[in-house]
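Visitor: Hi! Could you walk me through this one?
Guide: Happy to, here it is.

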Amino acid sequence: MLPGRRGIVRFGSMLLLVGSLASLGGGQGAGAGQRDPDGVMGTGVGMYTDSSVANQVSSFTINPKTVSCGVGTLATGGEASGPFAMLMYATRMDSYTVDQEAGEIRATGRMRSITKVGTAVVEDAEHEFLAVAASAVPHGGFDQAMHAGGARFDVHFSTPFWDRYNPMCTPSAIKAGACRFGGQLLLGNIFIPH
C-alpha cells in the first residue's frame with residue numbers, strides 16, 4: 001500500500017531532519033573524513049529536555065547572531081500545535097562570550113517569546129535574556145552543579161506571563177526572579193574551541 005501525501009511529506013521531513021542531525025553528531029566537514037575545526041566553534045545547536053519544559057523535546061541554537069529556543073507538542077493528528085507550545089528568538093544580541101576554560105558560552109540581549117496554550121496565544125512579549133550553553137567536557141574551573149551530567153543549554157528570562165508566580169516557571173538559579181527553560185542535550189553539541 002502506498003503512503004498518502006501526508007505520510008510522504010512527513011517521511012521526507014524526517015529524512016531531512018535525520019540527515020541534518022547526523023551531520024551535526026558526526027562533526028564531519030565537507031572533505032572526506034576531514035574535520036573543519038573552525039566551522040562551528042563557539043556555537044551550539046541541538047535538542048534538550050528536562051522538567052523545566054515538562055519533559056518535552058525542545059530545540060535550541062546559540063551563535064553570535066542569534067539565540068533561539070522552541071518547545072512544544074503536536075495535537076492529535078499532527079496538524080496543529082498541542083496543549084502547549086513556545087517559540088523564543090533573539091531580536092537583539094548585546095553580548096556573546098565563549099569561555100574556553102569554563103567550557104561555556106553566554107549570550108545576553110532581548111528576545112521575543114510567543115506562548116500558546118491550546119489554540120490561544122497567551123503571550124507575545126519581548127524581554128531580556130541570558131542564555132548559557134555548556135560543553136560536556138570542561139576545560140577548567142566552573143560551577144559543577146550547573147554542568148553536571150554533560151552538555152546542556154539553558155535560557156533565563158522573565159515576562160508578564162513567565163514570572164516567579166507562574167506555577168509552570170522553573171526558577172533560575174543564576175538570574176534572580178527569572179524563569180529557566182533548558183536541560184541536558186539529547187542531540188547536538190556545544191562546540192568550544194580547545
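Guide: We'll talk about aromatic rings, then a surface patch.

Guide: This is a predicted model, where local features need pLDDT of at least 70, side-chain atom pairs count only at pLDDT 80 or more, and totals for chains, interfaces and linings use all residues. Residues are numbered from 1 along each chain as its sequence is written, and side-chain values use heavy atoms, with hydrogens and water left out.

Visitor: How many aromatic pairs does the whole structure have?
Guide: Eight. Rings of Phe, Tyr and Trp (its six-membered ring) pair if their centres lie within 6.5 Å; planes under 30 degrees apart are stacked, over 60 edge-to-face, and the rest tilted.

Visitor: Why is the pair of F157 and W162 edge-to-face?
Guide: Because their planes are at 65°, with ring centres 6.5 Å apart.

Visitor: Is F157 buried or exposed?
Guide: F157 is buried, at 0% relative accessible area; buried means under 20%, exposed over 50%, partly exposed in between (1.4 Å probe, protein chains only). F181 is buried too.

Visitor: Which cluster do ring pairs make?
Guide: They link F84, F157, F161, W162 and F181.

Visitor: Switching topic: which residues form a nonpolar patch on the surface?
Guide: V57, L186 and L187, with about 260 Å² of accessible area together. Areas come from the Shrake-Rupley method with a 1.4 Å probe; for residues, only the protein chains shown count as cover. Patch residues have over 30% relative accessible area and no salt bridge (a Lys or Arg side-chain nitrogen within 4 Å of an Asp or Glu carboxyl oxygen); like charges are joined within 9 Å, nonpolar side chains (Val, Leu, Ile, Met, Phe, Trp, Tyr) within 5 Å.

Visitor: And how does L186 count?
Guide: As partly exposed, at 49% relative accessibility.
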